[in-house]
Amino acid sequence: MTDAPRKSLAPTRIATFAAIGAATGAAHIGNNFTTYLVGGLIDRYDFTPVQMGAWSMAETLAYAAAMFLVAPRAQAMSARSLASVATVLVVAAQAASAGFALYLPLLAGRVATGFGFGLMNSAVNLAAGRTDHPARAISAGIAVQTLLFAAVNIGLPMVGASHGVAGMFTALAGLSAALGLGTLLLPSGRAPAPVHFAESPLRAPLGAYGWRVLAAMALFAFGSLAIWPFMERAAHAIGLPATTFGRYQSLATLLSALGNLALVAVVARLPRVMPLALALGACGVACALLTTVTDPRFFGAALILYNVSWFITYPLLLGLAYSTDATGRLAVMTTGTWLLFQSFGSLGAGFIAQGFGGYQPIGPLGLVACIFAAAAAWPLATRFDRARINAAPLLETG
């Protein structure tokens, strides 16, 4: 039993981890860079915050729909095939959006893009679930993603400054194509996840603990990501230009990569409760600061805290899903729930911004939601911690 963590880091696993990193990056292009597109579309076509909230919501609803479509069929699907289909769909939709100037075609393009992102993220979850330690595989993928995105956060605003929002759509289409090539290294098999993670038979009801995982992710996503599509606009409101925001975001993603590399090294030995509670608390505090501070330096510090804590919280919550159900169904549903409730949060944030004339109330609401997410996850995390303590003497004597 003690050799399993070392095996998962053997050279034969490196290609899988790299492919998971490429797929994770491809799946999260929308989540990370929609904020630049929102700002560019508002500047270019004078769309309202409500229109842009609905636009972002369309992407994430389509994202969630794809994941809920995959979830019941997760065990029979190939991660590599899903990733290939997703790449074609996203590249085509992003490239087409570069030529649109009207709202409805842009909205249709966002639906197609979101559906492709959902298929790609399903591939990530399936591939990670078929490794020795899924939370570590997810963390490794996020580390690769954030290292790449640190550069993109600097380059994309520069593309926008010189070629406008159409240039940003085209650049993101090219990025999706390049990452899609990397996903060809994903495993093509359809074998089920290792049985030692299973706590319920295939197709069993989710149960109370499964619903707790979904509730925790719903609260976390609704609260922490409501502001995300408008993050660049919130920075703009306190005098921070898009290029400077991009540099702050680049630094934040680099530090997120370091945080996830550290998580890769220690996650198999960590308890569940305290790391998750601390990460959720830090993310909630960062949300509150992002919409209430007026000094650009404090905004930059809050943005760093937000990114690092968010990218640590996400794999920890997914780790609960994998430990509750090894088939991959609950993990895919958990990620789908994230997108579904981000969708509601984005639309709500658009109404709040338009109704209040600013983004100030959104962050404190995110803090409250993160606190409730911690309360939802606490009993399940405690249960796994107790089971681990009880199993330790058996491992030592075995």
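Predicted model: local features only at pLDDT ≥ 70, side-chain atom pairs only at ≥ 80, totals over all residues.
Residues are numbered from 1 along each chain as its sequence is written, and side-chain values use heavy atoms, with hydrogens and water left out. Local features need pLDDT of at least 70 and side-chain atom pairs count only at pLDDT 80 or more, while totals for chains, interfaces and linings use all residues.

The protein chain contains 14 helices and zero strands, where helices (H or I, at least four residues) and strands (E, at least two) are DSSP runs numbered from the N terminus. Its radius of gyration, taken over C-alpha atoms, is 20 Å, close to the 21 Å from the globule rule for 398 residues, so the chain is as compact as a globular protein of that length; the rule is 2.2 Å times the number of residues to the power 0.38. The C-alpha trace spans about 65 × 40 × 35 Å along its principal axes. Of the 398 residues, 56% count as buried, a term that means under 20% relative accessible area, with exposed set at over 50% and partly exposed in between (1.4 Å probe, protein chains only). Contacts are heavy atoms within 4.5 Å; among those between residues at least 6 apart in sequence, 88% join residues at least 24 apart.

Helix α12 covers residues 296-324, 29 residues in total. From first C-alpha to last it reaches 42 Å, close to the expected 42 Å, which is 1.5 Å times one less than its number of residues. Because 22 of its 29 residues are buried, α12 is largely enclosed by the rest of the structure. At its N-terminal end the helix is capped by Asp-295, a side-chain oxygen of which lies 2.8 Å from the backbone nitrogen of Arg-297.

Leu-69 belongs to helix α4 (residues 49-70) and is partly exposed, at 42% relative accessibility. Leu-69 and Gly-118 are 49 residues apart in sequence, and their C-alpha atoms are 9.4 Å apart in space.

The model has zero disulfides, a disulfide being a pair of cysteine sulfur atoms within 2.5 Å. The cysteine sulfur closest to that of Cys-287 is in Cys-283, at 4.6 Å, too far for a bond. Cys-370 is likewise in no disulfide, its nearest cysteine sulfur being that of Cys-283, 4.7 Å away. Cys-287 is buried, with a relative accessible area of 1%, and Cys-370 is buried at 2%.

How values were computed. Polar contact = N/O pair within 3.5 Å; in protein donor to acceptor, adjacent residues only side chain to side chain.
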